[in-house]
Amino acid sequence: MLGSLLILGRHPTLSIVEIESLYSNNHIIELINPQIARIDMPASEINFSRLGGILKVSELISVNKNSQDLNILFEIIKKITEDLTENTSSKINLGISSYGLNINLNELNQLKLTLKKHLRTIGKSIRLIPNDTFDLSTAQTYHNKLDLKNNIELIITYKNSSYFIARVTNVQDINEYSFRDRNRPKRDTRVGMLPPKLAQIMINLASGDFNNGSASRPRLLDPFCGTGVVLQEALLMNYDVIGTDISPKMIDYSNLNIEWLREKFKIDSNLKSEIYLGDATNIKWVNKPNIVVSEIYLGPPITTMPSLNQIKEFNNDCQTILKKFLINLHSQIPKGTQICLAIPAWSINKDYLRLSLVDHLDEIGYNQKKFIANNNRPLIYHRPHQFVARELVVLRTI
């Protein structure tokens with residue numbers, strides 16, 4: 001079995017770690033280049049809808065050991081497109097994304113034109129999707145419906161003297177992500193805006209290949225639920241959810257957003273959501289979770305870069321809250337429960353000021369999970385122009 005190629009997202013490290021968390025126990029994962037991973041399972045078996053860090057999934061069609069010869073590449077692509085279009089009489093949208101080839105953009109576009117002319121000679125009607133860059137964007141793939149049966153996007157990459165060629169089968173639904181994020185009835189920029197994709201990644205890092213082993217569904221707790229982004233993504237993954245927050249306003253917002261989600265996305269009425277007021281540092285949760293996922297307090301809202309002294313003060317406040325929360329949580333969850341938290345990491349001179357507690361978690365009853373794909377380095381999610389980044393830590397109670 002050739003397997004699949006996965007196109008990694010804007011934060012490739014998080015993308016590959018997400019795949020490692022979900023599939024590494026049963027499958028081999030290989031990084032082809034910084035933007036593409038290969039996994040030895042068919043695209044049809046990958047649960048794409050729950051993956052926040054993967055832009056596209058493609059079914060691997062061919063692996064050919066050759067030098068980077070354009071004539072050889074053209075012959076390979078010609079045969080593949082002939083086979084893919086053999087039973088199609090309708091017009092075909094055709095796109096090609098290349099990664100790491102020894103080819104310039106003009107040569108890529110010329111290869112596509114030559115391919116189009118050839119396909120016309122055998123009676124195929126082709127519309128080429130233009131390349132402004134070597135790879136087509138997620139938006140281009142999505143809007144041109146290149147993941148559908150009668151359309152084609154080929155992924156071509158090169159490693160260790162081999163061409164890898166795959167056909168895209170799934171692409172992120174960018175409209176749905178935007179709708180879930182921006183059309184919720186309640187949003188609050190002052191408490192941070194956790195992106196739905198990042199919430200999905202965090203849930204996957206905490207759950208991994210979790211198998212409850214009983215008839216009941218897994219139950220996820222978000223102790224700092226805010227406006228309910230983690231809760232909504234967990235419900236879409238068929239988790240029961242518990243959300244608590246110290247702010248009555250946030251509890252109201254979460255309840256309204258979950259009501260909206262249930263209506264708009266036809267959430268299974270059997271899925272339970274409990275959302276109530278509580279301070280994560282001392283609350284006693286009524287029902288115990290299998291998995292804990294949360295973005296903790298990241299510090300006060302700021303509009304300008306704070307001074308180093310202010311950052312250190314924010315850092316100490318966040319660390320105090322995190323420690324009290326973890327001590328409170330530890331006494332209430334079973335041994336081995338997995339947790340994924342987004343905690344603050346302040347960007348200073350191209351480095352990060354992190355919470356020092358992360359290096360001493362064993363002292364309060366936790367092990368931190370390390371990932372091979374990340375070489376055990378910190379997992380940082382950071383957008384340009386943001387003063388505070390998010391460090392993702394995955395913990396297990398001991």
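**View 1. The hairpin of strands E13 and E14 in the predicted model****.** Ser-347 has Tyr-352, in strand E14, as its bridge partner. This predicted model places strand E13 at residues 338–348 and strand E14 at residues 351–354. The two strands pair in the antiparallel sense, and 4 bridges connect them. Between the strands of this hairpin there are 2 residues. In the hairpin, Asn-349 adopts a positive phi near 50°.

View 2. A disulfide would require the two sulfur atoms to lie within 2.5 Å. Cys-340 is likewise in no disulfide. The cysteine sulfur nearest to that of Cys-340 belongs to Cys-225, at 17 Å. Cys-318 has a relative accessible area of 0% and is therefore buried. Cys-340 also counts as buried, because its relative accessibility is 0%.

**View 3. The second largest pocket and its lining****.** The space in this pocket amounts to about 310 Å³. Its lining is made up of 16 residues. Nearest the centre of the pocket lie Ser-49, Arg-50, Glu-176, Arg-180 and Gln-200. Two helices, H5 (174–182) and H7 (229–236), each contribute at least two residues to the lining. Helix H5 provides the largest share, with 3 residues. By residue class, the lining of the second largest pocket comprises 6 nonpolar, 5 polar and 5 charged residues.

**View 4. Helix H1, residues 12–23****.** Helix H1 has 12 residues, and at 1.5 Å a residue these should span 16 Å. The buried residues of H1 include Leu-14, Ile-16, Val-17, Ile-19, Leu-22 and Tyr-23. Ser-15, Glu-18, Glu-20 and Ser-21 of H1 are buried as well. In an α-helix, residues three or four places apart point the same way, because there are 3.6 residues a turn.

Definitions and conventions:
Residues are numbered from 1 along each chain as its sequence is written. This is a predicted model: local features need pLDDT of at least 70, side-chain atom pairs count only at pLDDT 80 or more; totals for chains, interfaces and linings use all residues. Side-chain values use heavy atoms; hydrogens and water are left out. Buried means under 20% relative accessible area, exposed over 50%, partly exposed in between (1.4 Å probe, protein chains only). Two strands pair if DSSP finds at least two bridges between them. On a 1 Å grid over the protein atoms alone, a cavity is a set of points where a 1.4 Å probe fits but cannot get out, and a pocket is an open set with protein on both sides within 12 Å along at least five of seven lines; lining residues have an atom within 4 Å of a point. Grid points are joined across faces, edges and corners, and a volume is the space filled by probe spheres set on the points. Ala, Val, Leu, Ile, Met, Phe, Trp, Tyr, Cys and Pro count as nonpolar, Asp, Glu, Lys and Arg as charged, and the others, Gly among them, as polar. The expected span of a helix is 1.5 Å times one less than its number of residues.
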